[in-house]
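Colleague: I would like to learn how to read a ligand site and the packing of helices. Could we go through an example together?

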Amino acid sequence: MKITDHIKEANGKTLFSFEIIPPKKGNSIQQLYDNIDPLMEFKPPFIDVTTSREEYVYIEKEGLLDRKITRMRPGTVGICAAIKHKYDVDTVPHVLCGGFTKEETEYVLVDCHYLGIQNVMALRGDAMSHQKYFTPNKDGNHYAKDLVKQIHNLNEGKYLHDVVETNNCSDFCIGVAGYPEKHLEAPSLQTDLKRLKEKVDAGANYVVTQMFFDNQKYFEFVEAAKKAGINVPIIPGIKPIAVKRHLQLLPQVFRIDIPEILIDEVEKCKTNKDVRQVGIEFAINQSKELLAAGVPVLHYYSMGKSDNIHAIASELF
Ligand code: FAD
């Protein structure tokens, strides 16, 4: 079922969902199941599975370092299929521009369609760690908007090299990313909103936000998006702080602010167990306010560990 239909069917009731990261290659999918199992009691209608682009690894060979390109966390579509069938839940694979040609993207989408996956999240991806700026693959999509167009075309039977007349077209519901504190490369929030509108005009059906810790920023973003003519659901993404290092890491990577009150509480903590508890309590309060405001879904970034998400959801759902 499409995410937008889940939201309609909920009839104003806020849904619970979360995002997981595939394990590094060489690990078992059981690791994911162990994290998902406890969260299923909160009946998520969908689970997102991230995709990681390729990266460099350095291998020592006869005293020299050899650089190889590899994908450390492959398998998003396979994981989505496995979770969908094990738990009878919709899964949302993240599909990236970066690291993929349009041809490869088409194969991923065709596989999703065969596997009965009806939702995809269309994202540009980031620059590789050695690059200053994002560079698309030769023959790849540059911006998420271009990827949305490719998915939208496929929904109409338009493949890259031919048009297929069929009554078995894909009918993907397409999600895209939104940034209440603006994307780090955007010159202004207004320009970024214009870009978001372009993604929606290209066929995106809903938005999931980058994490934020100040609800006011989300509320203002939703208002500004409405004013800009964006009328699709905007799902807030929530990340509980889990370790002290997040105070530096999250603003550095995502260019987001952390409220003073949260910084103060985290700084008082003696152990990371205490930090985790502070993160849980803050996220519960943040979520309660969003719930009261009637957001369509509360979507949590689990980052591979679900005990804190479970503690939060237990208070809310
Ligand atoms: P875009 O919408 O393409 O925007 C990227 C930048 O380009 C923005 O600054 C925008 O303003 C600008 N822009 C857009 N169009 C134009 C144009 N025509 N001309 C000039 N500038 C333009 N990353 C992963 O690698 N894997 C994941 O699974 C993943 N999941 C995510 C899930 C969510 C909910 C979010 C919020 C982010 C996720 N990301 C993921 C991170 C994401 O890939 C990065 O934030 C990336 O830098 C931008 O992706 P985007 O889809 O927002 O890009």
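Modeller: Begin with one contact, and keep in mind that this is a predicted model. A polar backbone atom of Ala144 is 2.9 Å from an oxygen atom of the ligand.

Colleague: How much of the ligand does the protein bury?

Modeller: Taken alone, the ligand exposes 990 Å², and 86% of that is buried by the protein.

Colleague: How many residues are around the ligand, and which come nearest?

Modeller: There are 23 residues around the ligand. Those that come nearest are Thr51, Asp126, Tyr179, His183 and Lys199.

Colleague: How does the shell divide into nonpolar, polar and charged residues?

Modeller: The shell holds 10 nonpolar, 6 polar and 7 charged residues.

Colleague: Which helices and strands each supply at least two residues of that shell?

Modeller: The strands are S5 (90-96), S6 (119-123) and S8 (206-211), and the helices are H5 (144-155) and H6 (189-202). H6 gives the most, with 3 residues.

Colleague: Now the helices. How do I describe two that pack together?

Modeller: Two packed helices are described by the angle between their axes and by the distance between those axes. Take helix H4 (residues 102-114) and H5, whose axes come within 11 Å and cross at roughly 50 degrees. That angle makes H4 oblique to H5. The crossing in which H4 passes H5 is right-handed.

Colleague: At what angle do helix H7 (residues 215-227) and H10 pack?

Modeller: The angle between H7 and H10 is about 30 degrees, and their axes are 10 Å apart. Angles under 35 degrees count as roughly parallel, so H7 and H10 are roughly parallel to each other. H7 passes H10 in a right-handed crossing.

Colleague: And what are the values for helix H10 (residues 272-292) and helix H11 (residues 307-316)?

Modeller: The axes of H10 and H11 come within 9 Å and cross at roughly 40 degrees. H10 and H11 are therefore oblique to each other.

Colleague: Is the crossing of H10 and H11 left-handed or right-handed?

Modeller: The crossing of H10 and H11 is right-handed.

Key. Residues are numbered from 1 along each chain as its sequence is written. This is a predicted model: local features need pLDDT of at least 70, side-chain atom pairs count only at pLDDT 80 or more; totals for chains, interfaces and linings use all residues. Side-chain values use heavy atoms; hydrogens and water are left out. A residue is near a molecule or strand if one of its heavy atoms lies within 4 Å of it. A polar contact is a pair of N or O atoms within 3.5 Å; within protein, one must be able to donate a hydrogen and the other to accept it, and residues adjacent in sequence count only if both atoms are side-chain atoms. Accessible areas come from the Shrake-Rupley method with a 1.4 Å probe; for residues, only the protein chains shown count as cover. Helices (H or I, at least four residues) and strands (E, at least two) are DSSP runs, numbered from the N terminus. Ala, Val, Leu, Ile, Met, Phe, Trp, Tyr, Cys and Pro count as nonpolar, Asp, Glu, Lys and Arg as charged, and the others, Gly among them, as polar. Axes are lines fitted to C-alpha atoms, for helices over the stretch in contact, and angles run from 0 to 180 degrees between N-to-C directions. Angles under 35 degrees count as roughly parallel, over 145 as roughly antiparallel, 65 to 115 as roughly perpendicular and the rest as oblique. A crossing is left-handed if the near helix is turned anticlockwise from the far one by less than a right angle, and right-handed if clockwise.
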